[in-house]
Amino acid sequence: MEDFSIIAYAFGFLVFVYCAMLVATLQALMRVRLKRGTCSMGDPAVIPPPVASVFAPYGEKLLNWGFVHSHFILVDSPFVNRFSEKWGSVYLHHGEQSAAFLYPSDLPDRNAPCSVEFTTLFENRERLVTVNGSSHRMIGTMPLTVIRDPWADTLRAQWDAHQEELRKKPGMPREEAPEESVVSYGEFLSEYIDHLLQIRWIIPAEDGSFRLSFMAALRTAFTMMAGEGKAAQMRKAMKLCKKEDLIDIDVPVELEVEAYRRMNDFSEGKSMGRLTKLILLVVSVAFFGLSFHYSLSLLSLLILIGVLFVHEMGHYVAMRLFHYRDVKVFFIPFLGAVTMGMQKEPKPMEKIVVSFMGPVPGIIAGLLLCAVPSPPELMKETVLMLLVINYLNLLPLMPLDGGQIFNLMMARFPYLQAIFQIVSAVILSVVFGILLKTPLLLIIGAVLAMNGFLRIPACTLLKKLRANVAQYGGDLKESGLVKEIFLLMKEKPYDSMLFQRKYQTVKGIADTYINELPGVLLICLTLLFYLFLFALPVVILMMKIFLRH
């Protein structure tokens with residue numbers, strides 16, 4: 001029976017991780033804004049050298065397979081962000097009447113600095129497009145288009161897959177002159193938006209752009225999550241190919257910075273709508289209730305949900321007070337609830353207030369209810385949950401509110417923060433996971449410990465960054481800061497990282513560097529208030545005893 005319990009908790013944890021990833025992907029997609037894209041002829045004299053340098057090795061392979069270079073294009077993609085424009089290089093294969101479109105990759109790894117689309121047009125205006133490991137990131141379907149994704153480990157395998165599909169497809173292929181193809185592709189980008197409107201995947205937004213409907217975003221989130229793991233495995237497989245089949249180049253740091261900023265714009269785009277946030281809250285509460293359905297009575301479950309909601313509303317009000325963007329509350333099955341919001345550069349004082357505003361209202365409410373004479377059983381259970389849950393949240397352990405407060409106070413010492421997270425994970429696993437026989441916390445502790453160990457290399461990079469900046473005798477703006485971090489990551493073992501992990505590392509270092517550090521006075525006041533909260537029940541109890549005598 002105990003073994004079954006461990007398996008059930010492990011399964012529950014996996015469900016929780018999947019739900020957390022789904023929510024993160026969904027909220028990112030709900031912030032995406034679309035527009036009608038355009039395409040224009042590119043002037044080869046002004047193509048950026050970093051872009052030309054990653055096109056070159058691909059061009060060599062295509063020329064060996066019978067392609068000829070045709071022209072450059074400048075595409076403004078349908079996504080609304082500051083970096084929506086992309087250079088493209090077009091090669092033609094007259095024998096197959098097909099084209100190869102080269103673009104700098106959104107995830108520029110050493111073995112995949114470019115994304116390649118093999119395209120064949122037909123007389124009936126249909127098109128066959130063969131991509132590689134990126135079909136899961138497409139939103140909806142494209143008009144009159146068949147998308148083929150072979151998940152190939154080499155460019156040659158991708159081209160072979162396109163030719164194989166071309167043999168199966170009825171219809172007569174046709175070629176377009178360069179000027180005609182530029183106009184045709186621009187029209188296609190506009191028709192794509194019309195098609196998404198027609199199938200009701202997108203709806204008009206307030207600023208004249210378009211946003212995904214909730215159901216479209218949900219379906220896209222499932223597709224993206226299913227494909228990302230497969231894409232990561234494909235990129236790892238690329239490293240094992242024969243040297244002659246491998247495209248292995250040192251990605252120019254300018255392209256890495258641009259890809260970083262594009263991903264940042266995607267993750268920090270427009271806010272989710274109020275209706276979407278409400279749906280997210282209601283659905284998460286339902287799943288949370290199901291996760292505790294067999295361990296708590298209905299009345300106790302309702303009290304628990306109410307106590308957690310009061311806790312999160314404290315965080316919510318504080319975030320809104322400090323003008324956080326896109327603030328939302330949702331519940332996490334088997335664990336609790338969380339409030340999330342975005343703030344470009346939050347002040348240390350703001351972070352501390354936001355962390356305290358979760359447990360403080362519940363503690364005050366619980367202590368006030370304690371003063372009620374002869375309380376009913378319902379009130380006793382409510383008081384117990386208010387005090388236990390909120391005081392547990394104040395414990396100096398990551399990822400609890402108390403842990404967040406202490407982690408902030410150690411911001412001047414990144415290595416100490418990493419050790420603090422590892423120690424928190426050990427305590428969470430041993431004390432709460434093993435001694436209290438809660439396997440779920442044992443698993444969470446293991447994940448936290450692993451993240452703590454992964455932070456140590458980032459601390460080394462941060463130390464080098466600060467040394468370099470001190471050597472320059474000045475400070476860096478955000479763009480220069482990101483570039484400097486990517487330059488540091490040209491060294492082993494960072495140079496072989498997949499770009500998504502490299503992005504997370506760079507973002508963590510940049511945020512740590514930019515964020516204001518707490519002063520000594522703020523740290524002292526925070527510690528005094530923290531100790532006061534823990535001493536408050538004792539003070540009240542002593543006052544009661546004193547008044548009785």
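Axes here are lines fitted to C-alpha atoms, for helices over the stretch in contact, with angles running from 0 to 180 degrees between N-to-C directions; helices (H or I, at least four residues) and strands (E, at least two) are DSSP runs numbered from the N terminus. The model is predicted, so local features need pLDDT of at least 70 and side-chain atom pairs count only at pLDDT 80 or more, while totals for chains, interfaces and linings use all residues. Residues are numbered from 1 along each chain as its sequence is written, and side-chain values use heavy atoms, leaving out hydrogens and water.

Helix α10 (residues 359-370) packs against helix α11 (residues 377-393) at an angle of about 145°, their axes lying 8 Å apart. Contact (heavy atoms within 4.5 Å) involves residues including Ile363 and Leu367 of α10, and Val383 and Leu386 of α11. The residues of this contact comprise 11 nonpolar, three polar and no charged, where Ala, Val, Leu, Ile, Met, Phe, Trp, Tyr, Cys and Pro count as nonpolar, Asp, Glu, Lys and Arg as charged, and the others, Gly among them, as polar.

Next comes an open sheet. Its three strands follow the order β1-β11-β10 with antiparallel pairing; two strands pair if DSSP finds at least two bridges between them. Strands β1 (33-34) and β10 (202-204) are at the edges with a single partner strand each, so one side of each has no neighbour in the sheet. Helix α4 (residues 178-198) packs on the sheet and touches β1, β10 and β11, its direction making about 95° with that of β10. Three bridges join β10 to β11 (residues 210-212), and Pro204 has Phe210 as its bridge partner in β11.
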